[in-house]
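Thank you all for coming. I would like to walk you through one protein model this morning, going slowly enough for anyone who has not seen it before.

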Amino acid sequence: MRELIDADRLPGQPYCTPERLAAARRGPVPPADLAIPGRPQISVLAGAGGCPQGVIAYLSWADVHTGVICWLYAREDPPALCVLIGHALAALAHCPQIEAFVAAPPGPLGPGGLPRARRGATHDALLRSGFTGRLQGSYLYCALPAELPPAKLVADVVPCDFPPGQRLIVRQGAEPVAEAVISVGPDHTATVYWIETLPTHRHRGLGHELLGQALALLAEQGATEVALVVDDRPPTNDDSQAAPRLFDSFGFTLVDRLWTYRCRHPRAPRPAAFSPGVRQRP
């Protein structure tokens, strides 16, 4: 399974280790005040000789009646994708609505959405199965130089439990006015989960100073690659180019556009040309 997942790895994503795959089987670990009563079901598509040809993970909630396809990997092979999606739709047939590749932070099991350009076969298979897709965000990547210039220290740094990492907080007096959440992962990879400045404190260079301190901190902790996802929803103000300009100034480049999907009253796709066995993983 790890080979299937890593075959679609994007720049800046950590490789899927046995420990992280085991954690994915157990399901997400939410904060103490947030209950997620669901554990993913993982099914593996086996071909001739029992060789894995694809894997899919999905879950549902008894009280919400919504199903979720969490991740899906089959080396972009259309027949295998068709079989796996059909299997998940059959298992989630009690759900009037199913979502796929819903928003999540970048990690070893995915970038937080479906990379539309790089995984066109998966996109097409979902559409043929009755899903509709929409643009969710942009996956950006930056290779950190061996030595970064000293960053201006503008933020306090405190531990963050969820997601696990560090929170950088800029205060004016006692009031937080800007914040970033970062984390260093395996393989010298890192993620910027969040960066935001209050509207009343924008256009002062504060976001640039905050991101500079965040990247310097990640480099100090051994990161050489950084990924982040920019929300592509229509802006509600005139700051639509502020984030692109900020990330571009630090060398971030676009890797792919991320999509998410929804299917109401799902239907099973047409049978594939072959039907190798799909088995559940504990």
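Let me begin with a question: of the 27 residues in the largest nonpolar core, which touch the most other members? Please keep in mind, while you look for them, that what is on the screen is a predicted model. The residues in question are Leu168, Leu210, Leu218, Val226, Phe247 and Phe252, which touch the most other members of that core of 27 residues. Strand 6 (132-143), strand 8, strand 9, strand 10, helix 5, strand 11 and helix 6 each supply at least two residues of the core, and it is helix 5 that gives the most, with seven residues.

The protein has six helices and 13 strands, and of its 282 residues 45% count as buried. If we take the contacts between residues at least 6 apart in sequence, 69% of them join residues at least 24 apart. The protein exposes about 14400 Å², and carbon and sulfur atoms supply 55% of that area.

Now to helix 5, which covers residues 206-220. Just after helix 5 comes Gly222, which takes a positive phi of about 100°.

One of those covering strands, strand 10, holds Thr197, which is buried, with a relative accessible area of 10%.

Setting aside neighbours within four places in sequence, Phe252 is in contact with Leu140, Tyr141, Cys142, Leu215, Val226, Leu228 and Phe247. There is also a second, separate core of 25 residues, which includes Tyr58, Ala74, Ala121 and Cys263.

That brings me to the aromatic rings. A pair of such rings is described by the distance of the centres and the angle of the planes. The count for this model comes to four aromatic pairs. In one of these, Phe101 and Tyr261 have ring centres 6.4 Å apart and planes at 70°, so the pair is edge-to-face. Phe101 lies in the loop between strand 4 (97-100) and strand 5 (114-115), whereas Tyr261 lies in strand 12 (residues 253-264), so the pair ties together parts that are 160 residues apart in sequence. Phe101 counts as buried at 5% relative accessibility, and Tyr261 is likewise buried, with a relative accessible area of 2%. In another pair, the rings of Phe247 and Phe252 have their centres 5.8 Å apart and their planes at 70°, so this pair, too, is edge-to-face. Both Phe247 and Phe252 are buried.

Phe101 and Tyr261 also belong, together with Trp259, to one aromatic cluster.

Pro244 is found in helix 6 and is partly exposed, with a relative accessible area of 39%; from Pro244 to Leu254 the distance is ten residues in sequence and 10.0 Å in space, C-alpha to C-alpha. Helix 3 (residues 78-91) has 14 residues and reaches 20 Å from its first C-alpha to its last, close to the 20 Å expected at 1.5 Å a residue. The buried residues of helix 3 include Ala80, Leu81, Cys82, Val83 and Leu84.

Conventions: Residues numbered from 1 in each chain as written. Predicted model: local features only at pLDDT ≥ 70, side-chain atom pairs only at ≥ 80, totals over all residues. Heavy atoms only, no water. Helix = DSSP H or I, 4+ residues; strand = E, 2+ residues; numbered from the N terminus. Buried < 20%, exposed > 50% of the residue type's maximum accessible area, 1.4 Å probe, protein only. Contact = heavy atoms within 4.5 Å. Areas by Shrake-Rupley, 256 points an atom, 1.4 Å probe, with all protein chains shown as cover. Phe/Tyr/Trp six-rings, centres within 6.5 Å; stacked < 30°, edge-to-face > 60°. Core = buried A, V, L, I, M, F, W, Y, C linked by side-chain atoms within 4.5 Å. Expected span 1.5 Å × (residues − 1).
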